[in-house]
Amino acid sequence: MTNDFVTRSQKAIVEVDIKNCFADSTYAREFRTSHARQILKEFDWNIVGKPIVSKRKDGRYAILDGQHRIWAINQRMEKYIATDDDVY
């Protein structure tokens, strides 16, 4: 086991309020409602995976990967997402 693996596996998981997330068009692909609805239809917390977000200076989080998953989570009336405690 390498030190790099140990470091990655010990990252903290944080809750981020969905209201503080926004899709950054620099990184995110175009939002496709049909794709998001398919995720919602088949939603399973065991396989959804953590979205990747970047904390910005103003305290909001830019969505780098996972805007369709975050939309589905929001449709389920969830208020928070879990993500790694990283700042990109």
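Because the model is predicted, local features need pLDDT of at least 70 and side-chain atom pairs count only at pLDDT 80 or more, while totals for chains, interfaces and linings use all residues; side-chain values use heavy atoms, with hydrogens and water left out.

**Exercise 1. Get an overview**

Task: Find how many helices and strands the protein chain has, and in what pattern they follow along the sequence.

Solution: 
- Step 1. Begin with the rule: helices (H or I, at least four residues) and strands (E, at least two) are DSSP runs, numbered from the N terminus.
- Step 2. With this rule, the protein chain has three helices and five strands.
- Step 3. Along the sequence they give the pattern α-β-β-α-β-β-α-β.
- Step 4. Now look at burial, where buried means under 20% relative accessible area, exposed over 50%, and partly exposed in between (1.4 Å probe, protein chains only). Of the 88 residues in the protein chain, 30% are buried.

**Exercise 2. Find the core**

Task: Name the residues with the most contacts inside the largest nonpolar core, and find which element supplies the largest share.

Solution: 
- Step 1. A nonpolar core is a set of buried Ala, Val, Leu, Ile, Met, Phe, Trp, Tyr and Cys residues joined through side-chain atoms within 4.5 Å.
- Step 2. The largest one has 13 residues, and C21, F43, V53, I70 and I81 have the most contacts inside it.
- Step 3. β4 (61–65) and α3 (67–75) each give at least two residues to this core. The largest share, three residues, comes from α3.
- Step 4. Take C21 as an example: leaving out residues up to four places away in sequence, C21 touches V16, Y61, I63 and I81.
- Step 5. Return to α3, where Q67, H68, R69, I70, A72 and I73 are buried. The buried residues of α3 pack against β2, α2, β3, β4 and β5 (80–84).

**Exercise 3. Track the salt bridges**

Task: List the salt bridges and say for each partner whether it is buried, partly exposed or exposed.

Solution: 
- Step 1. A salt bridge is a side-chain nitrogen of Lys or Arg within 4 Å of a carboxyl oxygen of Asp or Glu. By this rule there are three salt bridges.
- Step 2. D24 pairs with R56, with the closest N and O atoms 3.2 Å apart. The two are 32 residues apart: D24 is in the loop between β2 and α2 (33–41), and R56 is in the loop between β3 and β4. D24 is buried because its relative accessibility is 11%, and R56 is partly exposed at 28%.
- Step 3. R60 and D58 meet at 2.9 Å, N to O. R60 is partly exposed at 37%, whereas D58 is exposed at 53%.
- Step 4. D65 pairs with R69, with the closest N and O atoms 2.9 Å apart. D65 is partly exposed at 41%, and R69 is buried at 15%.

**Exercise 4. Visit P51**

Task: Is P51 buried or exposed, and which residues does it touch?

Solution: 
- Step 1. Locate P51 in the loop between α2 and β3.
- Step 2. P51 has 3% relative accessibility, so it counts as buried.
- Step 3. Not counting residues up to four places away in sequence, P51 touches D65, G66, R69, I70, I81, A82 and T83.
- Step 4. Compare sequence with space for one of these: P51 and R69 are 18 residues apart in sequence and 7.3 Å apart in space, C-alpha to C-alpha.

Terms used:
Residues are numbered from 1 along each chain as its sequence is written. Contact means heavy atoms within 4.5 Å.
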